[in-house]
Amino acid sequence: MTCDLQKDKLSGYFDGELDERERAEVERHIAGCSDCLRELGELKAAVAQLRGLPRVAAPPSVRVAVDREVAPERRRRPRWFHLSIAAAAALMLTVSLFSILGHEQRVSQEPGATLAHRNAAESPRARLRRQEDSRFDAAPGPPAPPEPSKLDDEDRARDSEWGVDAAPAEKNRAEPTPKESQDPTNEDLPFVLAVASTDLKMARTETETVLATFGVKAVTGAAELGNRALIKDHYLSVDLTEAQIAILQEHLARHKATVTRHSLELEREAWSRGKLGAALDGTPLATASGRAQGAGRKPTDDDASELKKGASDEMAKKESENPLEHAPPAPALEEGAKPEPPSSEPSPRRVRVIMRFVEVPAPEPAEEK
Amino acid sequence: MVPGPEPPDRELVARAQQGDVEAFNILVLRYQDRIYNAVFRFCGNHEDASDVTQRAFINAYRKLSEFKGDAAFSTWMYRIAFNQSVSLRREGGHRRAVSIYGKDDDLVVEPEVNHNPTGRMETEESRRQVQRALLMLAAEDRRIIVLKDLEDRSYEEIAAILDVPKGTVRSRLHRARLELREKLKSFMGTPTQP
């Protein structure tokens, strides 16, 4: 039989791209032409080998490079925009300090509290640390975690495995803070990224990979929590730009590690209640100031109280549920939370981030009905 | 809080054209893996793939105003990415494809689960030969193979990406596949029929 089939129709037939008439034509032809049947088979085999090539994902460096180019476009806003953001941020910081002071006064009136008389000149950070200590003294709950100097070899090994600066808490207290942390931007309260994964080691390794891409160093992040590091949950403290945080969240999400963001205050509250074993609810929690700003009004102490109550209620509600099941994708970053540096400043502003890694159990397979 | 449905490309592009950088970031997240995979298989190494992918998205951002929406955003991105690959070659950025002999396992999205070490080695060697054969094709043939057999684009979309008639896609694709088949035969012998 002479073969008069237009050969590229074999590819069209294989790809399902022929119309009815052409498909029928090819089927009739290959039923009687061994050459074309063999060629079709070889074509399928070659394509199968191609489709056996594994897919590769873009490395974080792609996103970093794109963001570096695209992000400067954001800074080409008029000067008045930067000034208004700076003014709003200064207002938020002032209100936050007032709300902290207000809370402290309420705590001092609670029975059983043993807070000493405060020196009005005491820094907010020291005040918070002392408040945390008093909560541990007053509230019944889990035994206080051991002092970092008593951390066992397992934890030191974990630190060295990370390749981070293993700075024991007492060393942090004794030695003067490094120049970086004296950057006024880092005096702002950090927030917490809770990384929940069924594979804690993988989550930490992936984080390390991304941080290496950024060229940033991480330290054991117990300082902001009153120098108390839990044994099971591991903390890192690192300074990142908002863009880097987004990249990190996205990268971890691709590796099925759930990343949620919440205030340091909520973290401390969870700690005092002994609830840090479970990942926190994935609901993104705005700061009181940020929430008020979104509502178009000045932030007040009521916002801070409302935030705490809402956070406590949500934690109590979600603590027994599978965090992986309910955790949403990484939330979008809030814009305008920090003031932009002067437009002449080349490097983006970094914020202090505390990362907490939590291993969560794999979800139970769904039962058959 | 239950997240809402993700906005369609058209909406994100419109917002990005109005200056919404976050909308563009979502588009990057959405397509970076797909574009990177295509470029990696076309160029054969991670360095070039990384360069090209970055440049493609940056160019896309800068030329957003030129995107009229008559084609899908993905179509536009593939076109930009392959044009960028060609530019890189002209600049002399075509690096020796050393990484196909090295490990790219850390970037593999769908690692194969193979508990047979010998079988796994044979599979990896087989994959390297497929990639090598692909790299031996002319750029025009390689591009169409990547778009159809690796990225599974339709003939219509490939025609839009390459700016050629749909009939031309079919004939070029068939020719490229025959060429690839010959290269594979020379490496591994006749491929066995399924």
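What share of the 369 residues in chain A is buried? The answer is 29%. Keep in mind as you look around that this is a predicted model.

## The two chains at a glance

Chain A has 14 helices and 5 strands. Among its contacts between residues at least 6 apart in sequence, 74% join residues at least 24 apart.

Chain B is built from 8 helices and 0 strands. Read from the N terminus on, its elements simply go α-α-α-α-α-α-α-α. Here buried residues make up 35% of the 194 residues. For contacts in chain B with a separation of 6 or more, residues 24 or more positions apart account for 68%.

## Nonpolar cores

In general, nonpolar side chains tend to be buried together in soluble globular proteins. In this model, the largest nonpolar core holds 54 residues. The members that touch the most others are B:I35, B:Y36, B:V39, B:A56, B:M77 and B:A81. Helix α2 of chain B, residues 21-43, gives this core its largest share, 11 residues. Apart from that core lies another one, of 26 residues, and A:L193, A:A194, A:V259 and A:V358 are among them.

Leaving out residues up to four places away in sequence, B:Y36 touches A:V56, A:A57, A:A58 and A:V62 in chain A, along with B:A49 and B:T53 in chain B.

## Helix α2 of chain B and its partners

Two packed helices are described by the angle between their axes and the distance between the axes. Let's start with helix α1 of chain B, residues 9-17, and its partner α2(B): their axes come within 7 Å and cross at roughly 140°.

Now for α2(B) and helix α6 of chain B, residues 139-150. Their axes come within 10 Å and cross at roughly 140°, and α2(B) and α6(B) are therefore oblique to each other. This crossing is right-handed. From α2(B), the residues B:A38, B:R41 and B:F42 meet B:R142, B:R143, B:V146 and B:L150 in α6(B). That contact divides into 4 nonpolar residues, no polar ones and 3 charged.

## Where α6 of chain B meets chain A

Which way do α3(A) and α6(B) lie, roughly perpendicular or roughly parallel to each other? The axes of helix α3 of chain A, residues 34-51, and α6(B) cross at roughly 85° and come within 10 Å. The two helices are therefore roughly perpendicular to each other.

Chain A brings A:V47, A:L50 and A:R51 of α3(A) to this contact, while α6(B) brings B:I145, B:D149 and B:L150. By type, the residues here split into 4 nonpolar, no polar and 2 charged.

## A stop at B:E179

B:E179 lies in helix α8 of chain B, residues 166-188.

Not counting residues up to four places away in sequence, B:E179 touches B:L137 and B:D141. B:E179 and B:A133 are 46 residues apart along the chain, and their C-alpha atoms are separated by 9.2 Å.

## Two loop residues with positive phi

A:K256 has a phi near 60°, a positive value in a residue other than glycine. You can find A:K256 in the loop between α10 (242-254) and β4 (258-263) of chain A. A:K256 has 13 C-beta neighbours inside 10 Å, so it counts as partly exposed.

Over in chain B, the phi of B:D152 is near 55°, again a positive value in a residue other than glycine. B:D152 lies in the loop between α6 and α7 (155-162) of chain B. With 10 C-beta neighbours inside 10 Å, B:D152 counts as exposed.

How values were computed. Residues are numbered from 1 along each chain as its sequence is written. Chains are lettered from A and ligands numbered from 1 in the order in which they are written. This is a predicted model: local features need pLDDT of at least 70, side-chain atom pairs count only at pLDDT 80 or more; totals for chains, interfaces and linings use all residues. A nonpolar core is a set of buried Ala, Val, Leu, Ile, Met, Phe, Trp, Tyr and Cys residues joined through C-beta atoms within 7 Å. A residue is buried if 20 or more other C-beta atoms lie within 10 Å of its own, exposed if 12 or fewer, and partly exposed in between; C-beta atoms are placed from the backbone. Helices (H or I, at least four residues) and strands (E, at least two) are DSSP runs, numbered from the N terminus. Two residues are in contact if their C-beta atoms, placed from the backbone, lie within 7 Å. Axes are lines fitted to C-alpha atoms, for helices over the stretch in contact, and angles run from 0 to 180 degrees between N-to-C directions. Angles under 35 degrees count as roughly parallel, over 145 as roughly antiparallel, 65 to 115 as roughly perpendicular and the rest as oblique. A crossing is left-handed if the near helix is turned anticlockwise from the far one by less than a right angle, and right-handed if clockwise. Ala, Val, Leu, Ile, Met, Phe, Trp, Tyr, Cys and Pro count as nonpolar, Asp, Glu, Lys and Arg as charged, and the others, Gly among them, as polar.
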